[in-house]
Every structure is written in C-alpha cells, then in structure tokens.
Amino acid sequence: MLPDNGLAVLPGTVRARQPEETWEILAGRLPLYGITRVARLTELDCIGLPVWTAVRPASRTLSTSQGKGGTDLLAKLSAAMEAIELWHVEQPLPLSVRGSAVEVAPDYPVCALPLRTSFPEGTLARIVWEWTPGTGLLSGDKVLLPVDLVRRRVQRPEWTPDLLRATSTGLACGNTRNEALLHALLEVVERDVLFRDGQLGGGLRTLIDPETVDDPHGRDVIDRLKAAGMGLEVALVDSPYGIPVCLAYLWSEDFPAVFAGGGCHSQPAIALTRALTEAAQSRLAAIAGTRDDLPTDLSWLDTPPAQAQPVGELAAWPEATRGFTPASGGFADQVRDVARRIHLTTGHEPMALDLSEAGSPIHAVQAVCPGTRSRIRRAMPR
C-alpha cells in the first residue's frame with residue numbers, strides 16, 4: 001500500500017508504485033521496447049551492490065543499459081527503465097513546423113539550449129530546424145523545441161546543422177508522468193551543479209566523513225564498499241538550487257582506476273546513496289565490458305589518486321545536511337517546486353517533451369531547462 005501522498009519510499013529511491021507492481025506491468029512489455037533480456041551483473045565485482053543490465057540488440061543508440069538499486073528488483077527495474085528511455089528517443093517525434101527561431105518565436109533564447117559550442121544568438125536564431133511541441137512546467141503553456149535536442153546525429157537528415165547537443169540529461173521514465181518529470185529535473189540540477197563545480201576546480205565541494213553517515217541504507221552501502229576494500233571519497237556540492245547534490249569516488253588496488261558517481265534528491269540520504277551506487281555501477285560497467293560507447297583501454301577513466309585519503313578536515317554528514325528542508329507533497333508538488341527553483345536560478349522556465357504514447361503505463365519524458373549545462377567529458381575529475 002502507498003501512503004496518502006502516493007509515494008512509495010524504497011531503499012535509495014521514491015516511486016509511485018511498489019517495485020513488484022511495476023515489474024508486473026513492465027515484464028510483458030519488454031519486447032515492445034526491443035529488450036530481449038535482463039541480466040544480473042553483481043557477481044562480476046566483489047562489492048555486492050545490485051547492478052543489472054538490459055539488452056536491446058536492435059538499438060540505434062546503446063545496446064545495453066545498466067541499472068543499480070538497493071535490491072535486485074530495483075536494480076533490474078532501473079536497467080529496464082534506462083533501456084526504455086533510450087528506446088523512446090529513437091522514435092520519431094511529432095513535427096509542428098520547420099523554420100528558424102525568428103519565425104517560430106520560442107519564449108526562450110536558443111543560445112541557452114545545450115550547444116556543441118558557443119554561437120551568437122543572432123546566428124542561431126536564423127538557423128532552420130524542425131520543431132516539436134513541448135509544455136512549460138510552470139505555466140502549462142505549449143512551447144516549441146528543436147527536435148534535435150532529442151534526435152541523435154545518426155537519425156538526422158543530412159542537411160541538419162549539428163549544433164545542438166542531444167544528451168541523456170533530463171531523460172527519464174516513471175510509473176507516472178510526474179514521477180518521471182521529477183527524476184528528470186533532479187538529473188538536470190545534478191549535472192548543472194557538477195558542471196559549475198568542475199568550472200571552479202572542485203571549489204564547491206564539502207568533503208564528508210563517510211563514518212558519520214547515519215542513514216541506514218547509506219550506512220549499509222558504505223559498509224559494503226569498505227568491506228570490499230574500496231577507497232572512498234564523498235562530497236556534498238554547494239548548489240544554487242537549494243537541493244542536495246552529492247559526489248562519490250571509488251578506487252581499489254585490484255582495479256587501478258577512479259570511478260565517480262553523482263546524485264541529487266531533496267532527501268540528502270537518497271542523493272548520497274545515488275552517488276555511491278552510481279560509482280559502483282560505473283565500475284561494474286567497465287568490468288563487464290558491454291557498453292558500446294566505452295573504450296576498452298579505460299582511457300576514459302582517471303588514474304588512482306596519489307593521495308589515498310582526502311586532504312583536509314572532513315565534515316560530519318548530519319551537520320553538513322542540516323540546512324536542507326525535506327520536500328513535501330506528492331510528485332506533482334515536488335515537480336512544481338524543483339521547476340520553480342530552476343526558473344529562479346536560470347531565469348528560464350523548464351519545459352518538457354512527452355515521449356510516450358497516451359495511455360502507456362510507462363511514462364517517458366525529456367526535461368529541457370535552458371540556462372543549465374552539463375559536462376562534455378565522461379569522467380568527473382577528483
């Protein structure tokens with residue numbers, strides 16, 4: 001049963017349905033999304049945190065998608081949802097018009113969208129794109145967005161200028177539209193905050209003493225990492241959004257590379273465990289060797305730190321996270337709150353593209369937030 005606000009609080013996440021119910025809905029639909037199998041990867045590593053992969057052999061993007069979670073079922077669902085997200089961005093979007101921003105007159109500057117490189121607004125406003133309908137998340141107004149924010153380079157007509165960055169930032173699936181939107185917006189916030197931190201050489205980080213983490217699930221994850229012999233560094237990253245963003249690094253003597261993970265959530269403990277489990281998932285993805293887009297020579301990874309332990313005084317987790325106010329209400333309330341915070345920070349209204357068909361029990365969205373940024377490099381330097 002769900003509480004009155006419709007939220008199922010689970011290890012390391014919050015959802016609109018219990019995982020057993022979600023899997024019952026999803027299992028029979030996997031072939032519709034090209035998923036031929038899901039597989040447990042956990043035992044390929046010594047850590048023991050659940051990591052699964054979903055396989056789509058006919059994919060036009062990635063043929064495997066990894067997922068992590070506090071339990072096997074949550075990790076299996078995470079992998080399947082990741083694959084379903086990518087399936088949706090491979091499908092054609094409805095086209096409203098073809099023209100330049102001058103003709104279409106969107107309510108935002110095109111230069112504030114994710115770009116491959118900087119261009120003057122006047123130049124971008126005259127480039128012809130195909131546009132698809134979206135929705136403003138505060139006003140509810142219909143907006144137009146360039147299709148190439150979603151459509152990958154290999155899917156574009158030859159004449160299309162390759163100026164916009166189509167990334168997975170803000171791409172999410174959920175049991176409901178608002179559940180998917182919340183996770184999409186939190187991912188946008190996380191990656192924008194980590195971009196800002198990277199521009200300042202890590203200057204926004206407060207290093208955390210892992211031994212002071214008092215959340216039961218977070219404590220269990222950290223204890224597993226330590227028992228597996230992992231070196232661990234945890235940081236809370238200052239955010240203009242007032243939402244907790246965490247960063248975690250793992251390394252070990254048996255695998256000479258640094259693996260990073262980020263996490264964002266209104267509940268600091270969930271932000272932390274997302275960062276920790278994402279770092280563990282990244283390590284397993286390299287061990288498994290099934291990601292199409294990862295070089296086999298591990299050149300995309302940083303080398304192990306010369307300084308094994310963080311330098312300087314470490315903050316206690318309870319004190320470092322005391323100033324955050326827990327989110328209230330259901331998913332719709334939280335979506336409005338995060339969208340408002342993004343609007344206040346960037347000056348632009350967040351927007352959403354609905355990618356799933358009407359009536360689908362699984363909802364896929366892409367959140368588009370002009371003025372936010374994300375890193376181009378795969379690694380997150382320590």
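Predicted model: local features only at pLDDT ≥ 70, side-chain atom pairs only at ≥ 80, totals over all residues.
Searching the whole structure turns up 22 salt bridges, and a few of them are picked out below. E190 goes without one, even though it is buried.

**The glutamate without a partner**
- E190 sits in helix α5, which covers residues 177-199.
- The nearest side chain of opposite charge belongs to R191, 4.6 Å away.
- Leaving aside residues up to four places away in sequence, E190 touches V245, G262, G263 and C264.

- R15 and E179 pair up in a salt bridge, with their closest N and O atoms 2.9 Å apart.
- This pair ties together distant parts of the chain: R15 is in strand β2 (residues 13-15), E179 is in helix α5, and 164 residues separate them.
- E179 is buried, at 0% relative accessible area, while R15 is partly exposed at 24%.

**R17 and E21**
- The R17 and E21 side chains form a salt bridge, at 3.8 Å from N to O.
- R17 counts as buried with a relative accessible area of 18%, whereas E21 is partly exposed at 41%.

**A salt-bridge network**
- E211 and R219 form a salt bridge, their closest N and O atoms lying 3.9 Å apart.
- E211 is partly exposed, at 46% relative accessibility, but R219 is buried, at 18%.
- Both residues belong to a network of salt bridges that also takes in D223 and K226.

Technical notes: Residues numbered from 1 in each chain as written. Heavy atoms only, no water. Helix = DSSP H or I, 4+ residues; strand = E, 2+ residues; numbered from the N terminus. Buried < 20%, exposed > 50% of the residue type's maximum accessible area, 1.4 Å probe, protein only. Lys, Arg positive; Asp, Glu negative; His and termini not counted. Salt bridge = Lys/Arg side-chain N within 4 Å of Asp/Glu carboxyl O. Contact = heavy atoms within 4.5 Å.
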